[in-house]
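This report looks at selected features of one protein model. Please have the sequence and the 3D view open while reading.

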Amino acid sequence: MQTQFNESDFNSLIPTSNVTKQLLKNMRFHFFMYILLGIVVALLPALYLSESWANTLRESLSLEQSQNQGFRVLGWIMFYLFFVLAGIGIVILVYNLTTGIKMRSGKLVFPDSLTEAQLYEYLSRSHIHSDIEVKKERLIGIEYIRLIFMKATIHTLFIDEGNRSYTIGSRMIARKLLFTRYGIGSVKQYVYTLIMNHLIKKLVLSAGRAASQFKQEDTFVDFTGVTEAPTDPIAKVNPVTFQKNVIPIYKRFWFWILFGVIALAAVIILVGGRTQVYELTELRTMNKEQIKEKFGSPDEITFDENDNFWYGFDNGFMVRGTERGAEEVTLIKDFVDKQSYGKYKIADIYLNSSFDENVSRLGKPDMLLTVDDKKTALYMVDHDFLLSFGSDYKSDAIFGINYAAYNESTEITGLDLSELLNPLGVEEKITKNYEVKDTQTSSDQTTYLLEGTQIIVDNNNFTVKEIILSSKSVYNAYGLRIGDDLNKATDALGTPIEGSDEETKYRYVDNSMELLSLSVIVDITVDGGTQKINRIHLQSLEAEEQEVTFEEDDVTEDIWSSLSIDQQIELNRYFSFFSEVEFGTNPYLKDSSIANFSTDDLIRFAIAHNIEIYPDDYSAMLEGGDYFFMPEEMITETVKTFFDVDIRHKSVSGYQYENNAYLWSTYRWAKVDATKFSQVNQIYMNADGTYTAEISIYDDYTSMNDDIDWSFDSDDTIKLERKEARFNPIDLASTLNPNYLLIGTANATIREANDGRLVLTHYQIVSMY
């Protein structure tokens with residue numbers, strides 16, 4: 001079979017090299033734009049998740065701070081790189097899927113007059129184009145016609161002569177799938193396939209017409225007379241120039257749908273998500289109704305009486321205050337879901353953020369403490385509020401943040417300079433804990449100048465002998481500050497031994513440390529018109545220097561040394577029941593009498609005590625393990641045993657009362673072994689038959705310094721022995737166990753009931769460090 005063929009006509013169907021390069025350039029530009037769009041879309045959720053992810057990363061680090069910084073940078077790089085690669089991968093996948101669909105030829109009509117053998121003969125003898133090679137290869141026992149274009153793509157014709165149809169299969173020759181076939185190379189495959197699919201259709205149609213005419217005239221028709229084959233509607237290629245008929249992207253309906261989705265996502269993430277960061281210092285000016293309107297009903301109510309309130313919100317914070325606004329706001333890591341670390345802030349400080357970085361931003365603290373690898377910083381801020389935050393154990397991550405009105409803050413005990421007059425204290429505490437502005441030294445004394453305060457240290461014994469507060473600052477003495485009413489001094493120190501309403505100077509005496517052979521003289525000067533304090537002068541005096549006398553009947557004898565070791569151990573154990581659950585630390589307690597303690601405090605003590613002592617009696621859980629429950633009988637018995645009080649059961653903060661039992665969430669409340677304990681220093685028998693004890697409260701850090709199993713339900717023998725050792729009387733003259741940290745003092749009064757048990761009648765925290 002001979003052909004009448006004009007090669008130039010076929011060449012006219014193949015785009016020139018310049019046209020092909022321009023087409024590739026245009027398509028690659030679109031491909032990279034899609035890649036860029038994919039990266040942008042992938043980074044939107046990355047930005048949204050970045051804060052919570054950073055908090056999780058920061059919490060998981062256990063390296064030193066200098067190492068943390070480099071590790072954090074690496075973590076950020078890996079975090080965003082993951083989303084960038086994910087965006088690129090998704091775009092390449094989608095691009096290959098869509099172009100793969102477009103490159104499918106579908107079933108095409110094979111001319112009736114043409115056979116596969118004739119088509120191969122026609123193509124192989126035609127010398128179609130120098131860039132096209134025609135082969136016939138056998139695959140799985142079947143021969144197929146293949147056209148290789150530009151030595152880059154293979155186009156196989158799958159001919160079904162029985163059904164008079166054929167399809168075209170195209171692929172890249174290169175085997176580097178990631179970069180050549182499925183990466184940027186997929187653009188070349190797409191362009192070459194569009195060219196070849198169009199050409200093959202023309203060739204098959206031309207061969208069919210030639211074969212048909214051959215039957216009639218025994219010759220092939222001139223190829224230039226072949227009618228143009230239908231253009232592939234999917235490819236949308238101009239049959240003359242072979243350039244894609246590109247519609248401007250802004251005229252495509254899918255572009256505006258995609259733009260709308262991205263814009264909506266950006267608004268939700270960047271506006272909706274980001275603006276839901278609550279600055280909790282703003283609660284200072286909000287009453288309880290405004291707070292509930294902003295955050296919803298509280299999940300926990302410690303009390304809600306008239307305009308006074310104390311609320312807890314499961315979404316992360318606790319707040320208490322009056323009708324004037326919040327007086328204290330607290331964020332504690334244990335009570336906040338990790339995903340909410342970035343949702344709340346106090347003075348621009350977030351939970352789990354860097355302690356050192358926040359200190360660097362805020363400047364030198366008014367007080368800086370480092371105790372047992374835990375750091376605490378305290379600042380006096382606007383509106384006479386105290387801001388304090390502390391790090392976790394051996395970590396730079398912030399564990400808790402507190403923002404409170406000065407007189408309502410539990411932190412003011414750490415700012416009470418009268419504690420420095422204790423002869424057990426040391427001079428280093430001044431320079432280590434407080435911001436010293438200047439130092440003046442003479443032969444017999446050293447004066448440390450703090451903001452509005454002077455602290456005078458005796459150079460002979462290195463103890464503080466005088467403290468002078470002359471202007472308002474962050475510091476106080478006995479809770480008194482410059483500008484307070486004189487009546488507050490009387491409430492704190494009792495009736496003055498000198499001074500009257502006509503005078504401007506008053507003298508008080510503090511005998512609380514008389515057992516240490518020390519008393520403190522407190523001279524207070526006030527403004528004659530307003531009776532506001534404008535100067536406070538404290539002097540420590542040895543007992544023999546005092547002019548103050550005591551009636552002999554007021555002196556009672558310390559009977560502690562007369563008790564047996566077993567009796568001392570039992571008393572230490574008894575008072576530890578209260579310290580281990582932090583009984584009496586409610587800042588709203590104004591009276592040491594148990595009769596004036598709220599029912600809420602007694603119920604909370606009973607539950608916490610039973611959790612520690614009787615873990616097996618409350619461990620049953622309800623509703624698939626979401627709640628613990630404790631029968632009310634246990635609460636009734638515990639309150640009666642320790643306080644001889646009958647209570648009316650009710651729900652309290654953290655514990656829901658229903659169906660004659662108290663329920664609490666297993667999520668919010670974990671079983672934690674108690675580490676605090678009490679040691680009696682002195683105990684006196686009162687005239688009414690009661691006993692008053694002066695107690696030191698310690699925290700045992702043994703669990704952080706060894707490999708013993710200190711988990712709540714552990715029955716490790718060494719652990720139990722160590723816990724029991726806490727109750728052995730401590731000899732203050734000997735070396736204290738280095739794992740025991742003195743954290744506070746308390747006074748307690750007890751009486752003996754008819755059945756021999758001890759009943760607590762008064763309990764007061766004197767100081768907490």
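Is Arg164 buried, partly exposed or exposed? Arg164 is partly exposed, with a relative accessible area of 22%. Here buried means under 20% relative accessible area, exposed means over 50%, and partly exposed is in between (1.4 Å probe, protein chains only).

## Basis of the report

This is a predicted model, in which local features need pLDDT of at least 70 and side-chain atom pairs count only at pLDDT 80 or more, while totals for chains, interfaces and linings use all residues. Residues are numbered from 1 along each chain as its sequence is written, and side-chain values use heavy atoms, with hydrogens and water left out.

## Two loop residues with positive phi

Arg164 sits in the loop between S4 and strand S5 (165–172). Helices (H or I, at least four residues) and strands (E, at least two) are DSSP runs, numbered from the N terminus. The phi angle of Arg164 is near 50°, a positive value in a residue other than glycine.

Met150 also belongs to a loop, the one between strand S3 (142–149) and strand S4 (153–160). Its phi is positive as well, about 60°, although Met150 is not a glycine. Met150 has a relative accessible area of 36% and is partly exposed.

## Salt bridges

Side chains of opposite charge can pair when their charged atoms come close. A salt bridge is counted when a side-chain nitrogen of Lys or Arg is within 4 Å of a carboxyl oxygen of Asp or Glu. The whole structure contains 31 salt bridges.

One of them joins the side chains of Asp485 and Lys532, at 2.6 Å from N to O. Asp485 lies in the loop between strand S20 (463–469) and helix H11 (486–493), and Lys532 in the loop between strand S22 (518–526) and strand S23 (533–542), so this pair ties together parts that are 47 residues apart in sequence. Asp485 is partly exposed at 38% relative accessibility, and Lys532 is partly exposed at 33%.

## A network around Asp644

Which residues are linked in a network of salt bridges? They are Lys640, Asp644, Asp646, Arg751, Asp755 and Arg757. Within this group, Lys640 and Asp644 meet through their side chains at 3.2 Å, N to O. Lys640 has a relative accessible area of 32% and Asp644 one of 30%.

Asp644 also forms a salt bridge with Arg757, at 3.4 Å, N to O. Arg757 lies in the loop between strand S30 (740–752) and strand S31 (758–768), whereas Asp644 lies in the loop between helix H14 (632–643) and strand S26 (656–658), so the pair ties together parts that are 113 residues apart in sequence. Arg757 counts as partly exposed, at 22% relative accessibility.

## A sheet and a helix across it

Strands S30 and S31 also belong to an open sheet of four strands, in the order S28-S29-S30-S31, with antiparallel pairing. Two strands pair if DSSP finds at least two bridges between them. The edge strands, which pair on one side only, are strand S28 (676–685) and S31. From one strand to the next, the twist averages 25°. Axes are lines fitted to C-alpha atoms, for helices over the stretch in contact, and angles run from 0 to 180 degrees between N-to-C directions.

Strand S29 (residues 691–700) and S30 run antiparallel and are joined by 10 bridges. Tyr691 stands opposite Ile750 in S30. Helix H12 (residues 565–579) lies across S28, S29, S30 and S31 and runs at about 125° to S28. Contact means heavy atoms within 4.5 Å.
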